[in-house]
Amino acid sequence: MTDFERTRALFHLPEGVVYLDGNSLGPLPLAAKERVALMMTDEWGELLIKGWNKAGWMMMPRRIGDRVGRLIGAAEGTVVMGDTLSIKVYQALASALDLVPERKVILSDSGNFPSDLYMAQGLISSLARGHELRIVDPEEVEAALDETVGVLMLTEVDYRTGRLHDMKVLTKKAHDVGAVAIWDLAHSAGALPVDLAGADADFAVGCTYKYLNGGPGAPAFIYVAPRHADKVKPALSGWLGHEKPFAFDLGYRPGGGIDRMRVGTPPILGLAALDAALDAWDGVDMGALRQKSIALCDLFVSEVERRCPMLTLGSPRDGHKRGSQISFLHEEGYAIMQALIDRGVIGDFRAPDAIRFGFTPLYIGEADVLKAVDILADIMDNRLWDSEQYKQRALVT
Ligand SMILES: *Cc1c(COP(=O)(O)O)cnc(C)c1O
């Protein structure tokens with residue numbers, strides 16, 4: 001039994017706020033605040049450079065990688081932390097393309113997050129070896145997997161709609177046509193059970209500031225299947241991925257296994273916050289989390305549809321076919337979201353017309369859902385969104 005009252009008490013949730021944006025930036029875990037403060041005073045402050053050895057800083061990317069690995073079905077020693085997700089996408093894609101040198105097509109879908117597609121476009125132009133990024137509709141991916149495809153690069157849960165791909169089926173189909181599969185778990189890790197080993201994924205990447213609550217700009221992770229880990233060529237061959245960083249050789253030799261996916265000096269303050277944030281997952285059963293997530297999402301959908309008929313569901317209706325988020329569509333979505341935020345219900349807006357809400361059982365319950373719908377219904381019934389102050393677009397939406 002997972003005690004979600006216990007997990008909720010682990011977070012700082014501002015008074016009067018219903019936080020439905022943990023899919024974009026998780027809230028502050030109280031333990032992270034303490035851990036970072038201690039890191040600053042006792043480790044950075046007192047140990048100075050000795051911290052790399054004495055406080056185990058240098059091993060943090062691997063140790064914390066193993067903690068994340070437990071949440072995504074990855075074996076010990078197959079996940080490492082560092083950089084941001086966009087960088088990890090680039091690394092995974094470059095290494096994947098090297099495994100299939102004769103194939104030129106990277107297959108992705110129009111539901112992928114733009115940064116993943118942009119990184120692919122940048123890599124293609126640097127390689128200048130005639131690669132093509134083929135983008136199809138999410139429903140067309142399976143049919144588009146043919147023998148021209150070298151790499152299938154998908155985000156499991158669509159950031160805008162929440163639609164969930166079948167990782168196991170698509171990975172198998174990719175392997176059947178001789179392609180390798182990269183999965184972006186940005187909206188999966190901490191949102192639903194993931195079984196990378198069971199799905200036989202070749203590579204996976206993800207960020208830790210969304211459902212894993214590591215804090216703004218928290219380090220990303222990369223997974224390489226053990227069968228590839230000692231073979232893949234790292235495109236970003238930084239010194240900390242070298243076999244012997246402190247030999248200071250002039251030539252690059254990749255480190256063993258997942259270590260070669262390290263690049264430069266790890267972000268220790270960010271890793272400390274993440275390490276503490278991950279404590280919240282101790283004792284959490286991912287099956288129970290999934291069950292509660294689906295129940296919260298279903299409740300939200302049925303209440304919003306009942307009370308706000310002018311909003312159109314933009315997510316799959318079947319809870320098993322989506323992640324842990326719900327979008328509703330309305331042409332005044334931006335203003336509606338600003339009116340919500342002004343009244344303490346925080347979600348976000350994704351162009352062109354989606355208001356998006358994340359449901360995170362670690363700290364969100366039924367009462368929060370009902371309160372959010374009350375406020376949303378008031379905004380819709382009384383056109384409270386229809387005000388100039390809610391129509392000025394901010395830098396971050
Ligand atoms: C959030 C997200 C990103 C963001 O990448 P960063 O480098 O961390 O800014 C990339 N890809 C996907 C699929 C995302 O959901």
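Select threonine 84 and the ligand: a polar side-chain atom of threonine 84 lies 3.0 Å from an oxygen atom of the ligand, a polar contact being a pair of N or O atoms within 3.5 Å (within protein, one must be able to donate a hydrogen and the other to accept it, and residues adjacent in sequence count only if both atoms are side-chain atoms). The model is predicted, so local features need pLDDT of at least 70 and side-chain atom pairs count only at pLDDT 80 or more, while totals for chains, interfaces and linings use all residues. Residues are numbered from 1 along each chain as its sequence is written, and side-chain values use heavy atoms, with hydrogens and water left out.

Next, select tyrosine 209, which places a polar side-chain atom 2.6 Å from a ligand oxygen atom. For lysine 210, the corresponding distance to an oxygen atom of the ligand is 2.5 Å. The protein covers 86% of the 390 Å² of accessible area that the ligand has on its own (Shrake-Rupley method, 1.4 Å probe).

Now display the residues surrounding the ligand, among them Phe113, Asp116, Asp184 and His187; each has a heavy atom within 4 Å of the ligand.

Finally, colour domain 1 (33–281) and domain 2 (285–391) separately; such bounds come from an automatic or database domain assignment.
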